[in-house]
Amino acid sequence: MRPPRLIAFDLDGTTLDHGIMSRATARALNDARGRGCLLAVATGRSYVGLNYAVSGIACDYIISSNGARITAEPAGAVIAQQCLSRASVQGIFALLSDCRCAFSAQMQDAVIFERGQIRKYISRGAKLSAPQLLTLLRFQKSIKRVKSIPALLALRADAPEKLTVHPDDGAELPRILERITAAFPVEAAVFNDEIEMTARGVSKGAALSSLAGALGIKKEDILAFGDSGNDLSMAPAAGRFVAVGNATADVLRLADEVAPPVEADGVAVYLERLFSAR
C-alpha cells in the first residue's frame with residue numbers, strides 16, 4: 001500500500017482504551033500527519049464535548065454521531081450535517097411507549113441523557129483507574145440531564161443527529177430493532193447494550209466517502225481503523241480497512257489487516273510499521 005493521504009480512525013475501542021488515548025497512539029497519529037497525511041476522527045460520539053477526547057492529536061476533520069456531522073478542524077466549521085426527522089423521532093417514541101427503556105440524544109448543541117441512564121454510566125466507574133474515572137467525569141460534565149427526552153424533544157423545533165435507545169432488558173434488543181427498522185426510514189444497529197439510530201443513509205463510511213470526494217482523495221489513498229459494527233461502513237470507503245485485535249468478529253472478518261488490540265496500542269504499532277517500511 002502506498003502512503004495514505006487520509007487516515008480515518010474510530011475512537012472508543014480503537015484508539016481510546018476506556019476513554020483514554022495512549023501517548024504512543026497520539027504520537028503515531030501526529031507523526032503520520034507530519035508526514036503529510038490528513039487525520040479524520042470517525043466516531044459515534046457527539047461533536048459536543050468531544051474536545052477532551054482528542055486534545056492530544058492535531059486532527060484535520062471530525063466525523064461525529066456515526067457520520068451525521070462532518071467538521072473541519074480546528075475551527076469546527078460544519079461541512080455537512082444530517083439529522084433525523086422530527087416525524088421519525090416522535091414516531092419512535094410512540095412505537096416504544098410500551099417498552100421499558102431510556103433514551104439519549106445527540107443534538108446539534110447538546111448531548112442529552114435521561115437521569116436514570118446517567119446513573120448506569122456512573123456505576124461503571126467503580127472498576128476504572130484514576131485516569132479512566134477522570135475521563136468519565138469529564139464526559140459527565142459535557143451532557144445535559146433531563147427527566148424525559150420524549151417530553152423535552154416535543155418542545156424543541158430541531159431533531160437529534162443520533163438517537164439511542166437503552167432497553168432495561170437486553171433480550172429485547174432484536175425485537176425493538178426489528179420494530180424500528182420496519183416502521184421508519186432510519187439507520188439503526190445494536191451497539192453494546194443499546195440501539196443507535198441516525199437518518200437513512202448516514203454512516204461513518206458515507207461521511208468518509210463524502211469528505212474524500214470533497215478533498216479530491218481517491219479511495220485507494222484512504223486508510224481506516226475500527227473495532228465495532230458502526231465502523232463496518234468504512235471498509236468499502238477505504239483502500240485499506242484495519243481492525244484492531246479486540247474488534248468484534250464481523251469487523252475482523254471484513255478487515256484487510258488486523259493490528260494488535262487497543263490496549264497494546266494497535267493503531268500506533270501499525271502506523272509505525274507502515275512508515276518504517278518506507
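**Reading strands and helices in a predicted model**

Trainee: Which residue in β4 does Ile63 stand opposite?

Mentor: Ile63 has Ile70 of β4 across from it. Before going on: this is a predicted model, where local features need pLDDT of at least 70 and side-chain atom pairs count only at pLDDT 80 or more, while totals for chains, interfaces and linings use all residues. Residues are numbered from 1 along each chain as its sequence is written, and side-chain values use heavy atoms, with hydrogens and water left out.

Trainee: What should I look for when strands pair?

Mentor: Strands in a sheet pair through backbone hydrogen bonds, either parallel or antiparallel. Here a strand is a DSSP run of E with at least two residues, a helix a run of H or I with at least four, both numbered from the N terminus. Two strands pair if DSSP finds at least two bridges between them. Strand β3 (residues 61–64) pairs with β4 (residues 69–72) in the antiparallel sense over four bridges. Their hairpin has four residues between the strands, and Ser65 takes a positive phi near 50 degrees.

Trainee: And how does β4 pair with β5?

Mentor: Antiparallel again, over four bridges, with β5 covering residues 77–81. Arg69 stands opposite Gln81 in β5. In the turn of this hairpin, Gly76 has a positive phi of about 75 degrees.

Trainee: What is the strand order in the open sheet?

Mentor: Go along β5-β4-β3-β2-β1-β12-β13-β14: eight strands, with mixed pairing. β5 and β14 (257–259) are the edge strands, each pairing on one side only. For a parallel example, take β13 (residues 240–244) and β14, joined over three bridges; Ala243 has Val258 of β14 as its bridge partner.

Trainee: Now helices. How do I describe two that pack?

Mentor: You give the angle between their axes and the distance between the axes. Axes are lines fitted to C-alpha atoms, for helices over the stretch in contact, and angles run from 0 to 180 degrees between N-to-C directions. For α1 (residues 23–34) and α9 (residues 266–276), the angle is about 35 degrees and the axes are 8 Å apart.

Trainee: Which residues make that contact?

Mentor: On α1, Ala24, Thr25, Ala28, Leu29 and Ala32; on α9, Val267, Ala268, Leu271, Glu272 and Phe275. Contact means heavy atoms within 4.5 Å.

Trainee: Last one: how much of the protein is buried?

Mentor: Of its 278 residues, 51% count as buried, meaning under 20% relative accessible area (1.4 Å probe, protein chains only), with exposed over 50% and partly exposed in between.
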